[in-house]
Amino acid sequence: TQAGAPEPRNPPPAPRPMPRRDLESSPATIKVVKAKPEDKRWAEQRGLAGDEGVFQAMIARYRAGAPPSVSVSVRDTASRASLSVFVRKRPLLDEELRRGGFDVVSTCGEEETARASLVAHEPKVTVDLSRAMENHTYKFDGVYGESATNQQVFDSAVRPMVEHLFASRGHGTCFAYGQTGSGKTMTMEGLGSGEGDNSAGIYSLVADDLFRNVRGAGGGLTVRAGFFEIYRGKCFDLLNKKRSVQVMEDEHGAQHVVGLHQSTLASAEELLLLLSTSDRTTRATAQNTHSSRSHAVLQIEVVEPASESVRCKLSLVDLAGSEWAAKAQSDDRQNRLDGAEINKSLLCLKECIRALGSQSSHVPFRGSKLTQLLKDSFVGENSRTVMIATISPCSVCCEHSLNTLRYAERVKDWQAMDRQEAQPPQPQPQPPRRRSHRPRPPPP
């Protein structure tokens with residue numbers, strides 16, 4: 001301080017060190033590409049006018065020169081990691097094509113093979129009114145193109161988790177996240193019989209694999225299932241006329257759904273028949289005529305009848321679609337309240353993941369019923385969690401798809417930090433000790 005200036009009573013605090021995850025994580029890379037004269041000629045040759053034609057030409061130019069994305073063996077990753085993140089791109093719908101929408105997501109490789117990364121093309125108009133495009137590159141444990149089927153997603157992403165839980169007596173969760181209309185319910189429930197490769201969803205495929213493991217164990221195990229929804233912060237049993245149930249925690253910290261009706265199953269077909277009798281809350285919105293307005297949770301337990309102990313427990317969660325209130329364009333009060341409650345629970349899920357990633361002393365699991373239910377999957381022993389983020393490739397939904405990818409990237413950052421913490425610390429070299437040159441005292 002200068003001479004004569006009074007010293008401050010409380011010195012400013014030292015800057016807090018940045019968490020390890022923020023230092024070592026690899027965020028998405030963004031590259032800006034400007035339009036070229038040949039892009040306009042390419043669009044004119046194909047009868048595409050306006051900015052949309054120029055943007056489609058820029059995307060076509062990128063795909064023609066982009067190297068193929070590296071294919072990954074996601075089965076090994078999903079079997080070892082406590083949390084795995086996958087992204088699935090759905091195909092363009094006929095209605096989107098009729099409205100002039102175009103594909104803005106590139107997986108850069110064979111659509112049937114899981115890739116390691118994807119690129120989201122965001123059209124931009126700069127200050128000088130020139131056309132540009134931001135290419136956002138994201139890396140995940142696995143990326144599935146529009147030609148991938150539910151069976152392929154299950155075999156590489158979910159089956160390793162089921163096998164691990166059955167062998168280690170663990171608790172796992174698989175949840176689908178994305179904007180409304182991006183294909184979450186199709187991934188979890190399937191399209192039904194006679195609908196081609198996606199007729200069976202994750203629900204049915206998980207049940208088939210569980211019963212196969214039960215038969216391989218020599219019998220003596222019972223499979224039970226319950227199905228409920230989380231609607232506006234309350235839980236309702238979908239197999240018992242939407243009777244209210246409660247999520248409570250016991251003295252050991254485990255979560256239980258009190259009052260949930262659980263049915264004993266003998267085959268996967270019985271599970272599908274049971275789910276067909278459920279009535280999940282849906283409403284028509286501006287973005288989807290059958291938008292799910294609640295989080296649907298299917299809980300499957302493998303129980304040893306002699307001791308009534310749970311061999312493994314699996315929760316399959318079909319999250320309600322995230323949406324922006326400004327773009328929902330709904331004058332219905334119920335839809336607005338539903339959207340606010342959905343976004344609140346999804347935000348709480350993100351805050352829990354953020355707290356876990358920063359090693360906070362407090363993780364707000366009690367912020368919503370959804371996070372309270374998923375607590376065992378994040379912090380329990382032998383737990384596994386699989387996130388499947390579904391995105392729409394349509395240019396109209398580009399902002400929603402980017403938000404979904406950022407959300408999934410945040411989850412993957414915590415996964416990377418968790419793997420680093422699992423590694424043993426490396427021993428640090430010690431500086432050499434200096435020898436003292438003092439003369440020794442004479443002997444007595």
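Okay, quick housekeeping. The model is predicted, so local features need pLDDT of at least 70 and side-chain atom pairs count only at pLDDT 80 or more, while totals for chains, interfaces and linings use all residues. Residues are numbered from 1 along each chain as its sequence is written, and side-chain values use heavy atoms, with hydrogens and water left out.

Let's begin with the overall picture. The chain has 14 helices and 16 strands; those are DSSP runs numbered from the N terminus, with helices being H or I of at least four residues and strands being E of at least two. Of the 444 residues, 47% are buried. For that word I'm using under 20% relative accessible area, with exposed being over 50% and partly exposed in between, using a 1.4 Å probe and protein chains only. The chain exposes about 23,600 Å², and carbon and sulfur atoms supply 51% of that; the areas come from the Shrake-Rupley method with a 1.4 Å probe, and for residues only the protein chains shown count as cover. Now contacts, meaning heavy atoms within 4.5 Å. Among those between residues at least 6 apart in sequence, 70% join residues at least 24 apart.

On to the aromatics. How many aromatic pairs does a search of the whole structure find? It finds 4. Here, rings of Phe, Tyr and Trp (its six-membered ring) pair if their centres lie within 6.5 Å; planes under 30 degrees apart are stacked, over 60 edge-to-face, and the rest tilted. Take F86 and Y144: the ring centres are 6.2 Å apart and the planes sit at 35 degrees, so this pair is tilted. The two come from distant parts of the chain, with F86 in strand β2 (residues 83-89) and Y144 in strand β5 (residues 131-144), 58 residues apart. F86 is buried at 0% relative accessibility, and Y144 is buried at 2%.

Another pair is Y203 with F227, and this one is edge-to-face, 6.2 Å centre to centre with 75 degrees between the planes. Here helix α8 (residues 202-216) supplies Y203 and strand β7 (residues 222-231) supplies F227, 24 residues apart. Y203 is buried at 3% relative accessible area, and F227 is buried at 2%.

While we're on rings, look at F166. R311 lies over its face, 4.7 Å from the ring centre; the test is NZ of Lys or CZ of Arg within 6 Å of the ring centre and within 35 degrees of the ring normal.

Next, salt bridges, which need a side-chain nitrogen of Lys or Arg within 4 Å of a carboxyl oxygen of Asp or Glu. The structure holds 22 of them. In one of these, R159 meets D209, with the closest N and O atoms 2.8 Å apart. D209 is buried at 2% relative accessibility. R159 and D209 also belong to a network of salt bridges that links D155, R159, E163, D209 and R212.

Then there's R232 with D338, at 2.7 Å, N to O. R232 is in the loop between β7 and β8 (234-237), D338 is in helix α11 (residues 333-357), and they're 106 residues apart. R232 is partly exposed at 31%, whereas D338 is buried at 1%.

One more: K375 and E249, at 3.6 Å, N to O. K375 is in helix α13 (residues 375-379) and E249 in strand β9 (residues 243-249), so the bridge ties together parts 126 residues apart in sequence. E249 is partly exposed at 31%.

Now over to T390, in strand β16 (residues 384-391). Is T390 buried or exposed? Buried, at 1% relative accessibility. Its side chain makes a 2.8 Å polar contact with that of S182; that means a pair of N or O atoms within 3.5 Å, where within protein one must be able to donate a hydrogen and the other to accept it, and residues adjacent in sequence count only if both atoms are side-chain atoms. Leaving out residues up to four places away in sequence, T390 touches several others, including R88, Y177, K184 and T404.

Last stop, the backbone. L129 isn't a glycine, yet its phi is positive, near 65 degrees. L129 is in the loop between β4 (115-125) and β5 and is exposed at 59%. E308 isn't a glycine either, and has a positive phi of about 55 degrees. E308 lies in the loop between β14 (295-304) and β15 (309-318) and is exposed at 51%.
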